[in-house]
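Please read the points below alongside the model. They go through it element by element.

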Amino acid sequence: SFRRIQVSVSGMTCAACSNSVESALTSLNGVVKASVALLQNRADVTFNPALVKDEDITNAIENAGFDAEVLS
Ligand code: 9UX
């Protein structure tokens with residue numbers, strides 16, 4: 001079954017920021033859904049845990065230029 005996590009994302013200041021985080025997450029093979037809420041500083045990510053680890057999610061966000069911490 002898929003795993004769904006909430007990630008705290010800091011450093012996003014505009015809609016282009018949240019769009020780029022969303023694109024970075026969606027482009028990971030194994031991520032089935034990613035939605036980023038700019039005002040809440042949150043990413044909601046659903047993925048196949050056989051293909052993606054939590055750390056891959058935070059690395060992708062950090063590589064896009066933001067700080068990330070898994071909340072749940
Ligand atoms: Mo606009 Mo968001 O330059 O960093 S993409 S503030």
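**Notes on the predicted model**

1. Asn41 lies in the loop that joins S2 and S3; helices (H or I, at least four residues) and strands (E, at least two) are DSSP runs, numbered from the N terminus. Asn41 has a positive phi of about 55°, although it is not a glycine. Most residues other than glycine have a negative phi. Asn41 is partly exposed, with 16 other C-beta atoms within 10 Å. Here a residue is buried if 20 or more other C-beta atoms lie within 10 Å of its own, exposed if 12 or fewer, and partly exposed in between, with C-beta atoms placed from the backbone.

2. The model is a predicted one: local features need pLDDT of at least 70, side-chain atom pairs count only at pLDDT 80 or more, and totals for chains, interfaces and linings use all residues. Residues are numbered from 1 along each chain as its sequence is written.

3. Helix H1 covers residues 15–26, which is 12 residues. From first to last C-alpha it reaches 16 Å, close to the 16 Å expected at 1.5 Å a residue (the expected span is 1.5 Å times one less than the number of residues).

4. Ser18, Val21, Ala24 and Leu25 are the buried residues in H1. They cover an arc of only 120° around the axis, which puts them on the same side of H1; the arc is that of the directions from the helix axis to the C-beta atoms. Ala15 and Ala16, on the other side of H1, are exposed.

5. The cover over the buried residues of H1 includes strands S1 (3–10), S2 (31–37) and S3 (42–47), and helix H2 (54–63). Contact means that two C-beta atoms, placed from the backbone, lie within 7 Å.

6. In H2 the residues Ile57, Thr58, Ala60 and Ile61 are buried. Seen down the axis of H2, they fall within an arc of 155°, so they line one face of the helix. The face turned away from that side carries the exposed residues Glu55 and Asn63. The buried residues of H2 pack against S1, H1, S3 and strand S4 (67–70). Just after H2, Gly65 takes a positive phi of about 105°.

7. Around the ligand are Thr13, Cys14, Ala16 and Cys17, where near means a C-beta atom, placed from the backbone, within 6 Å.

8. UniProt, in an unreviewed entry, places the feature "domain: HMA" at residues 3–69; such annotations may be inferred rather than shown by experiment. Over residues 3–69 the chain is 33% helix and 36% strand, with the end C-alpha atoms 16 Å apart.
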